[in-house]
Amino acid sequence: MSEAVILLILFPLAATIAPLVAKLPVFARRPRAARGLWMASVALLAGGLGALVWLYPTVAAGKAVVYTLGSWEIPLGIALKMDGLAWLSSLLVYLLSVSVGVFALSHREYGSEFYFFFALLVAGMEGVVLTTDVFNLFVSFEIVAIAAYVLIAYHRDARALVASFKYLILSSVGILFFLFGIFLVYRELGTLSLEEIAVYYRESSDPARLRVLRLALSSLVVGVAVRTAFLPFHTWLPEAHAFAPHPTSALLSGVLIKVSLLAMVRLIHTFDPQLFGQLLLWIGAVTAAVGVVWALSQRDAKMLLAYHSISQMGYVVAGMAVAGQAAGSATGILALSGSLYHAINHGLFKSLLFLAVGTAIHMTGERDLYRMPRLGRRAPLLALVFGVGALSIAGVPGFNGYASKYVISSVVDVGPASLLLWITGVGTAASFIKLSRVFWPGAERTRTEQSMEPNPETASAAERSGARLQRRRRVPVSALSVMVFIALLCIAAGVAPRMVTATLGQLLEGGMVAEAAAQAPGTAQAALGASESLKTPFTFAKLGETAVVLALGVGVYLLTQTRVGGRAAHRVKAMAPRLHTVLVLFLAGLAGFAAVAYFAAPS
Amino acid sequence: MSVYLIGALFLIGMWGVITKPNLIKKIIALNVINGAVVMFFVHHSSRSGTTAPIRGDGSAGISQAMMVDPLPQALMLTAIVVGICITALGLALAVLLHRKFGTLDMRRIERAAWEKDETGGGGTHE
């Protein structure tokens, strides 16, 4: 049984070998054989799903499966632990990475290097998910980072290179602070294991030691926060996700930032869930609102999506903050499963959107959404899957975004914070109306379509060549079926919100929040059962509220189309920070977290 | 005392990463920070004992209590390797950036990339 846990890392590692073999000179003249090896690589990734199915009964029963590497027992050796939280994150990782891998296979522009780093990224993410000690977390994070830098810069497009370098500098600085945090923990407690840290932290009564440990936690959290990309550490994300190749964008936005966030949840719950609760709630709400304002002012289709990733992560962070504040109580579990629910949903619909928009960019050779020709008639099914993604992110009832936003807004009841989240809802609706113009069925001919040549300024070199090579009238069937698959998942996760939340609560109860559940067995079930609002998520009042939000969204959209709105958007867009500012913002964020940790009342 | 020196090294590295516009200097500064953190660990472990953590046949009269804690050194070996990977990758990116933009000045590179974005994005709102 426990071998299944290590399989989750071994499958992607094995998947890195096939692309390496494909780099052998023998295959240089045999592109079809090399392609077969890439397919084998993606197929090996799919093996992870099998291991997950195998593990499900045990994890669902509330037991954690532990695997010790090389049979070194726990205090000495490296252990991997699979619990409810890890299972859910692994599911997200594997579902999406296999789908995105198939999508990449259907385009011919990705070579052996791509599949190698792709599989390495999955292995690293599984490491982050399964690890039980902070140093392994560091190593896994760096594996993920190295793979991500290469994948972002894969096409060697100028802006992608800049974005990748920016990401490298910022996240390396972040991870060095993480390492420094590990040092502080080791100096104080002499252990690196998360479980032992949790025990010692709760036992330690010396205020000076507690203060050092809290500073260590702030240092660790900031290190992970750079990867998670909430304010003020979000600065690298838009460029990196927008200028990366489309499958990379989908995987980074859909999975990587979630995995980092879940690692942060684990860290915070290991130490002190209450400590940063208030701070993170505000950061989450502000991130959501600010992210959407930026998203609304973008003209670049993928840039808009990337800013939405920041904005949607704001929801997740806010939900997680409430979960931290109310740790151990029924609300806490409800908030945690709500925010996890939204993280998974966002992973699904955002990767769907990135793939759909990426395909549209492919078909038209144009990234500017005002210049893209309308695709609704040319690719109706593509427009349909985009529609599912857009309706999900805008929070329309019946789709998954509505369900999870609903759970989060039912737990975030602090006035200003919930107002900010509500504003975000309006902005999200508006910006997706803006983006959806690309997929409208109208026959409006634009400059690009008349000349049938990609705009040389906007389309990057790689996209130009890609557009020349494979600008086709049709979307590849396998790419389209991947998108339809993810779209179906979006709908499936949305029709039965209560059931999904209950399942999530059950999984989490057995896993990470074990201590809380031990005090009051069945807390999660009680919370979900007692929560009246969840029983009937589709009441008329709620539907009316959604309608109001959507109507306001249309209003905001029309406002951005006016002259004044356009000028304001241009100004907001010009506020994108440079590397220098990015690092200063990072330090400011670090100082904020450290101050909260330092001045927290010793409990 | 030496802890403060290591701390100063850390801050020097931070200063370098933030203020130096040259890509390669930024990467060197990252290495300085990395070195400082490694030294924190090694310094801490070096004070936990008096001899190397090598178990002989016991005749030398070295007890386990006298040995330094070997774990931080093992960890730092990994951290150094990770640091080298990041440095190598960063330098590779710097080479590619230099080829594209003809300069190593991050400010100029970003300005050029941003202008590209502006003209590509269509300049004014239509």
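Predicted model: local features only at pLDDT ≥ 70, side-chain atom pairs only at ≥ 80, totals over all residues.
**Chatting through chain A**

Student: OK, how many helices and strands are in chain A?

Tutor: Chain A has 26 helices and two strands.

Student: And what about contacts between residues at least 6 apart in sequence, what share of them join residues at least 24 apart?

Tutor: That share is 82% in chain A.

Student: Let's pick a residue. Where does A:Met483 sit?

Tutor: A:Met483 is in helix α19, residues 477-495 of chain A.

Student: Buried or exposed?

Tutor: A:Met483 counts as buried, because its relative accessibility is 0%, and the cut-off for buried is under 20%.

Student: Which residues does A:Met483 touch, leaving out those up to four places away in sequence?

Tutor: Among them are A:Phe103, A:Leu352, A:Leu355, A:Thr359 and A:Val475. Also, A:Leu353 is 130 residues away along the chain, yet its C-alpha is 8.8 Å from that of A:Met483.

Student: New topic: how far does helix α26 reach from its first C-alpha to its last?

Tutor: Helix α26 of chain A, residues 579-599, reaches 30 Å with its 21 residues, close to the 30 Å expected at 1.5 Å a residue.

Student: Which of the α26(A) residues are buried?

Tutor: They include A:Leu579, A:Val582, A:Leu583, A:Phe586 and A:Phe593. Looking down the α26(A) axis, the buried residues fall within an arc of 120°, so they line one face of the helix.

Student: Why do residues three or four places apart point the same way in an α-helix?

Tutor: Because an α-helix has 3.6 residues a turn.

Key: Residues numbered from 1 in each chain as written. Chains lettered and ligands numbered in written order. Heavy atoms only, no water. Helix = DSSP H or I, 4+ residues; strand = E, 2+ residues; numbered from the N terminus. Expected span 1.5 Å × (residues − 1). Buried < 20%, exposed > 50% of the residue type's maximum accessible area, 1.4 Å probe, protein only. Arc of directions from axis to C-beta. Contact = heavy atoms within 4.5 Å.
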